[in-house]
Amino acid sequence: MILFVLKRLAIAIPTLLVLIILSFVLMKVAPGNPFTGEKNLPRDVLNNIYARYGLDKPLWQQLLEYIWNIVAHFDFGPSFKYKDRSVNEIIAQGFPVTLTYGFWAFIVAAGIGISMGVIAAVKQNSWADYLAVGVTIGGQVIPNFVLAPILVLIFTLWLHWLPGGGWNDGKWNYVVMPVIALSATYLANIARITRSSMLEVLHSNFIRTARAKGLPGWKVVTKHALKPALLPVVSYLGPVFVGMITGSVVIDLYFSTGGIGQWFVNSALNRDYSTMLGVTILLGALTIAGNLVVDVLYAWIDPKIRY
Amino acid sequence: MLAETRVETPTRSAEPELAPAAPIKGRSLWQDAGARFVRNRAALVSVIVLVTIVLFTFVGPFFAAWSIEKIDWSIIGMVAQKGQPSLATGHYFGADEVGRDLYSRVIQGTQISLAVGILGSAVAVIVGTLYGAVAGYFGGRLDSAMMRFVDIIYSIPFLFILILMLIMFGRSFVVLFMGIGLISWLGMARVVRGQTLTLKNREFVEAAIATGVKPLAVVFRHIVPNLLGIVVVYATLLIPEIILLESFISFLGLGIQEPNTSLGALISDGAQTMQYGELWQLGFPLAFFVVILFSFFFAGDGLRDALDPKDR
């Protein structure tokens, strides 16, 4: 087990490094920088600005210092656009928001998705099953950026039940739509995976034995079938995690929640390279870490896949 | 191959048919798959829908009363009242926020979205197939090195790199395209490699080697053609994914730029103006988008059922 974790770490760390170097180099080779604007600044002024942001040093030194600052101080440097803030402050402001609705979306997707899948499998070909299958197909072709406007249309413009955007310190009615929009696709996929694996498990021999012993139906499901049926779901949690991180960009942008994704897109449009780089690396690191955790979790539950 | 000898079982086809004894004709693997595909109603309907949409994007412009860029000055500022879909004004799908004809714009957006999907998928197919086939066939250290490389690239959240690239090198079609191509060949390479591993120990490969065919020629002439089935399936399933990806990026305002448009960009515009009651601006692009995605998914599923040897 420890060997497995170490092996996975041995891939995760170089991946992270590649990510940092790749984004850093991309940022540096891009033509121009945030300070070469429409006004031509005097040479001396430019040099002073470059010195302030450390842009006067050779590229490799900038890269090493950048990595060192992240590793040693968790410091992403100053923002190029907002002169009085550092990237860290921007992250500290946006990240809790993203984390809040991301957490709820994860809970909703996993909780409802699994229950739905289990019920659909146990009561195969009932109306509940058809409902689950319908949700599954719908969720696959309706991505979050399509669902978000539809939700706003229904719940804000027609029914006037929920506010169409903003955050308001995470009051519940501001959180509902972001959570639904972010979780729908994954809820659908989790339901689909749970349903098919549950069906498979329910047809296996040990379930027949359990039934033959005279166990009541629901007990067969919860005690015997659930655990093996959830294995494929666990392996899908990695993509869910990654997808939610990417999806949060849309949610932040559309609902103006002020989360990290909104900063990412704004910094991208403003050519605020340092913020962009910082957010990319943070979200990338999260993705890689999430994948790592899921992999380890999976190996822990199912010893067969340790290699 | 199993397929030639497979017997039609009555449960498979809906109506049991007792055809008069005709001279027995052999059926090729592809004919077999074709028959299976046609029997799948959802997949067949999807293909018909897709073909109709593609034809529509080519024929549709001839019926358009307004060109893509032409601004209808008579409705400017009153788009919510006067820009509704109507046959009288010639705006069959209504007008957009700045008075352009949505019918023409949707056609253009559909064309671009489809083009991005299909071309992106084609890039992924070519690169992924060659990469996977070479890695799988030669095996050993080359294989581990090549696949480890894929592993590492795969676990980088590439969407962010793609957005980074779009910002750095300008939001052009070419960059978008290269970026999407860079991401999407990875999955294909994995699938193809796996398939190659099982293919390379087959007799026909052995025979080719025995007759002195050079290794690279074995890969291109014997392995790659036999991968076609699985490649077609994955390519079909890849197209909607790429359309989704492009729409996602366009929705963020980072993808296709004006005056060009894509379904994602149109949906994004429509989502912003729906509060003024201009629902058609969201509705039409959304309808096209959802129908196209549905059709590709069903068609891909049908193809998989028809071609994937595992499910027979």
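**Notebook: chains A and B of a predicted model**

I first read the elements of chain A from the N terminus, and they run α-α-α-α-α-α-α-α-α-α-α. The count for chain A is 11 helices and 0 strands; helices (H or I, at least four residues) and strands (E, at least two) are DSSP runs, numbered from the N terminus. I noted that this is a predicted model, in which local features need pLDDT of at least 70 and side-chain atom pairs count only at pLDDT 80 or more, while totals for chains, interfaces and linings use all residues. Residues are numbered from 1 along each chain as its sequence is written, and chains are lettered from A and ligands numbered from 1 in the order in which they are written.

**Chain A as a whole**

I looked up the extent of the C-alpha trace of chain A, which spans about 85 × 55 × 30 Å along its principal axes. Of its 307 residues, 36% count as buried; a residue is buried if 20 or more other C-beta atoms, placed from the backbone, lie within 10 Å of its own. I then checked contacts (C-beta atoms, placed from the backbone, within 7 Å). Among those in chain A between residues at least 6 apart in sequence, 73% join residues at least 24 apart.

**Where chain B touches chain A**

I found that the contact takes 34 residues from chain A and 30 residues from chain B. On the side of chain B, α5 (140-155), α6 (158-168), α9 (215-251), α10 (263-273) and α11 each supply at least two residues. The largest share, 8 residues, comes from α6(B). By class, I recorded 27 nonpolar, 2 polar and 1 charged residues on this side of chain B. Here Ala, Val, Leu, Ile, Met, Phe, Trp, Tyr, Cys and Pro count as nonpolar, Asp, Glu, Lys and Arg as charged, and the others, Gly among them, as polar.

**Helices α1 and α11 of chain B**

I examined α1 (residues 29-39) and α11 (residues 280-307) of chain B, which pack at an angle of about 135 degrees with their axes 8 Å apart. Axes are lines fitted to C-alpha atoms, for helices over the stretch in contact, and angles run from 0 to 180 degrees between N-to-C directions. The two helices are therefore oblique to each other, as angles under 35 degrees count as roughly parallel, over 145 as roughly antiparallel, 65 to 115 as roughly perpendicular and the rest as oblique. A33(B), R36(B) and F37(B) of α1(B) meet G302(B), L303(B), D305(B), A306(B) and L307(B) of α11(B).

Methods:
Two residues are in contact if their C-beta atoms, placed from the backbone, lie within 7 Å. A residue is buried if 20 or more other C-beta atoms lie within 10 Å of its own, exposed if 12 or fewer, and partly exposed in between; C-beta atoms are placed from the backbone.
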